[in-house]
Amino acid sequence: MNAPIFPRLDIPNTIAAGPGPGNTADRVLAAYTSPGVADHMQPDVLRGMIECKQMLREIFGTQNVHTFGIAGTGWSGLDAMFSVVHPGDKIVMFVNGTFSDIDALSVRMKAATEEELNANPLDPQAASVITIRVPHGQSVTGEIVEAALAEHKPKWAAMAHWETGSGRVNDVKGFSEACERHGVLGLIDAVSSLGIAELKIDDHPGIVGWASCPQKGMMALPLTYAPVSFSDRYIAELRKIGARSFVHHPLMEARHWGIIDGQDVEKGTYHRTHSPYAVASFHEALRMVLEQGLLQRSERYRTAERALRAALQAMGCTITSNMTSLIVLDLPGDLKGREKEFVTACRSEGFGIWPTLSEPTQVRVGILNLLSEEELTTIVRRFGEMLNRFDVLTDIDAAVKALKQGIH
Ligand SMILES: *Cc1c(COP(=O)(O)O)cnc(C)c1O
């Protein structure tokens, strides 16, 4: 069978107002398409990677030498971070939504013994993995972590910083302190929070590994790099026990970013073929984050979330999240059970909001890189117009007024 010659793939502009990916900035897209044709060892590409590494240390707030990007998406960075977990390793996973649940699956695949993996290859039940479940809509607190680590005394513990499934912020400070008290090595999924939360990872010495993504706080969706950072303790452990991966091996991947034998070197050495276009756009995204200022960015997100929250509440929605880049809500009473229908109607018109991916079904409205008054007003108006079309009488102008009061 021959595939037909399809017409050129054109993708329309949408408002990416979901949990992620965010609206990629024009500057980042332009940087993707403007580099000259070059290969992965061309000097400016290598220099760009070194500069990205330096910018990432600033963004993470860390002196960790092993701070760089893993080619791919958030899960690629997480896979590299979890590559240090071996079959039979005792690890406590804190789960309070879709993404930390997938983290737990990813870890079970690594911690499962051969027999456990054979018994259920796609969902191994690894006896050494202890999962602590916190109900949807609630945060993982320091007390929950403390109690679990005191009881189970694992080697590792892992948690999402911001659980994007339920829109909840988990307590990294409490997590880190509990890890320190119990001599546990902490690992954090910081996919949603990096670049938005006020975060300096060096303030949390109980946590030895951090993994983020290109498409949320970094605004670099053109498939680029998942930022990661590993402390010297993580690296020492990895050196001792190894990892069953070439491509996602943190020590191997670090080489191309000019990190060899724990030292910064002048230029990277080949690990795999990096794209100059990806490097250029990632570089531009990191420059934008730093130009905007880390504290200023988190303040802008806080203000925008507060204002949008007020507007959505004015339209009768009930909000259960506490992240500053994402609102998770219940629609006004009459629409209970019609969340997916509502979201589908919005999405079919290029207004890209999302439902929750696990139960209970709620609606998620995100503001990644959509922080201007104009953009927020558009979100409020589009949302209100759809409520009206679903026969929920909504005063859109009053909601916009609440939004503007929140901004100013
Ligand atoms: C988005 C997200 C992921 C997955 O990231 P991808 O870029 O889709 O691979 C993992 N964890 C959390 C907390 C997320 O928000």
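How many residue pairs are in polar contact between domain 1 and domain 2, both at pLDDT 80 or more? I counted 10. The model I worked from is predicted.

**Layout.** I went back to the division of the protein chain. Domain 1 covers 26-290, and domain 2 covers 294-407. I took the distance between their centres over C-alpha atoms and got 29 Å. Next I looked up who takes part in the contact. Domain 1 gives 26 residues and domain 2 gives 23.

**Buried area.** I then checked the area lost between the two domains. Domain 1 and domain 2 bury about 1,900 Å² between them. Carbon and sulfur atoms carry 56% of that area. I asked which residues of domain 1 lose the most area to domain 2. They are His 136, Ile 196 and Glu 198. Together these three make up 29% of what the domain 1 side buries.

**Charges.** I looked for salt bridges between domain 1 and domain 2 and found one. I also looked up the partner of Glu 198. Glu 198 forms a salt bridge with Arg 302. The closest N and O atoms of that pair are 3.1 Å apart.

**Elements on the domain 1 side.** I listed the helices and strands that each supply at least two residues to the side touching domain 2. The helices are α2 (43-60), α4 (98-111) and α10 (276-292). The strands are β5 (162-163) and β6 (168-169).

**Residue classes.** I sorted that side of domain 1 by class. It has 12 polar, nine nonpolar and five charged residues.

Notes. Residues numbered from 1 in each chain as written. Predicted model: local features only at pLDDT ≥ 70, side-chain atom pairs only at ≥ 80, totals over all residues. Heavy atoms only, no water. Domains from an automatic or database assignment. Contact = heavy atoms within 4.5 Å. Buried area = accessible area lost by both parts, 1.4 Å probe. Salt bridge = Lys/Arg side-chain N within 4 Å of Asp/Glu carboxyl O. Polar contact = N/O pair within 3.5 Å; in protein donor to acceptor, adjacent residues only side chain to side chain. Helix = DSSP H or I, 4+ residues; strand = E, 2+ residues; numbered from the N terminus. Nonpolar A, V, L, I, M, F, W, Y, C, P; charged D, E, K, R; others polar.
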